[in-house]
Amino acid sequence: MDLEPIRAKIDELDRELVDIINRRLALAQEIGQIKRVTDGEVYVPEREDAVFRKVFASNKGPVNNEALRAIYRELMSAGIALEKPLSIAYLGPEASNTHAAAMKKFGVSLDYHAMASVADSFAAVEKGEADYAVIPIENSTEGSVREALDCFVESDLKVVAQLYTEISHALISNEPLEKITTVYSKDQALAQCRYWLQRHLPQARLVEASSTSRAVQIAAQESGAAAVAGELAAQFYGVPVVARAIQDKADNTTRFFILGRKPTKPIGGGKDVSSFLISLGDGASDRPGGLLKMLMPLAERGINLSKIESRPSKMRPWDYYFFIDVSGHHDEPEMQAALAELRKFCPLVKWLGSYPAVRRESD
Ligand SMILES: C=C(O[C@@H]1C=C(C(=O)O)C=C[C@H]1O)C(=O)O
């Protein structure tokens, strides 16, 4: 059995592939020149969504859609970098789960900037120091990231895209399990491993850090300390993995938002999702039927509610803001009609963004 003739065919295909990749990038560059003149956005989530759909529809295998998405992610990343080397802010330091999510969304060709907090990530885009920010918004085990929700109250940034990605946590330390006395991590990550930590380290002190990668930096320096973080952070900071996949739910998934300054255009056909921040005002969330009244204008028009979350308004005790996710795009007539009705009795109806509804990498 001779491999060489087959490898010669692969070499020939690679030559063609490189040529095709460069032709694709040259077209992206051409689009970039037009965008410069017309002041168009460089990253266009709705167009990328359409490209992925067409690519998947033409896929006859054996490559699966998840692998194809990863390949196209890098093609698009290289193309975007030729248009303009975008700068992406994320909750750092390097090798955090948000960093990994940002790379998954934007590929290796862009510039990434580590921020100390979610609020700083918002601020970087608001001040124009970064083009986009990637922030964690909710987790399948632990629910919403509260500091992220609270940032939307003050901010005018738009959610332009989202990413769902499975998160696996490891226990990372220079010490063996029996010598660990303190475990550092982001509050959300500690909570996602609560039962494992109770079972294996019942005596250990759990201490909050600003991010998972920050926890690894601390654990690297302190005797008796460990961190809960992704294995990427263990590799990056050169600290050993003591136990892997310690999250209580095997399919632990985090949803990330991509924030930008300009809204994403509609895809249509039920393939968009929108987020809003709504206040019933004047303590009305405490009155019978208040919440029902808020949801009726949406329900009556068949606009599906996929998430509702309340947060204290911090204006008065027991007054709440509601964060909702609904099917459809802000600019669609049905949505506009529902919003007009809501605005009649809600003092605050703030559009946080509309973006592609894609949930899985293989979709
Ligand atoms: C090339 C473009 O710019 C970017 C790159 C894309 C691509 O490589 O297919 C698609 C959308 C944009 O994020 C474009 O707007 O078409």
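Trainee: How many residues of strand 11 are buried?
Mentor: Keep in mind that this is a predicted model, where local features need pLDDT of at least 70, side-chain atom pairs count only at pLDDT 80 or more, and totals for chains, interfaces and linings use all residues. Residues are numbered from 1 along each chain as its sequence is written. Buried means 20 or more other C-beta atoms within 10 Å of the residue's own, exposed means 12 or fewer, and partly exposed is in between, with C-beta atoms placed from the backbone. Strand 11 covers residues 253-260 and is mostly covered, the buried count being 6 of its 8 residues.

Trainee: And what counts as a strand here, and which residue of strand 11 is the bridge partner of Gln162?
Mentor: Strands (E, at least two residues) and helices (H or I, at least four) are DSSP runs, numbered from the N terminus. Two strands pair if DSSP finds at least two bridges between them. Strand 5 (residues 158-166) pairs with strand 11 in the antiparallel sense over 8 bridges. Within that strand, Gln162 has as its partner Phe257.

Trainee: Which residue stands opposite Thr254 of strand 11?
Mentor: Look at strand 3, residues 132-139, which pairs with strand 11 in the antiparallel sense over 6 bridges. Opposite Thr254 stands Asn139.

Trainee: Why does Phe52 count as buried?
Mentor: Phe52 sits in helix 2, residues 45-58. Leaving out residues up to four places away in sequence, Phe52 touches Arg69 and Tyr72. Phe52 counts as buried because its C-beta neighbours inside 10 Å number 20.

Trainee: Which helices are included in what covers the buried residues of helix 3?
Mentor: Helix 3 spans residues 65-83, and its buried residues are Met76, Gly79, Ile80, Ala81 and Glu83. Their cover includes helix 1 (4-38) and helix 2.

Methods:
Contact = placed C-beta atoms within 7 Å. Expected span 1.5 Å × (residues − 1).
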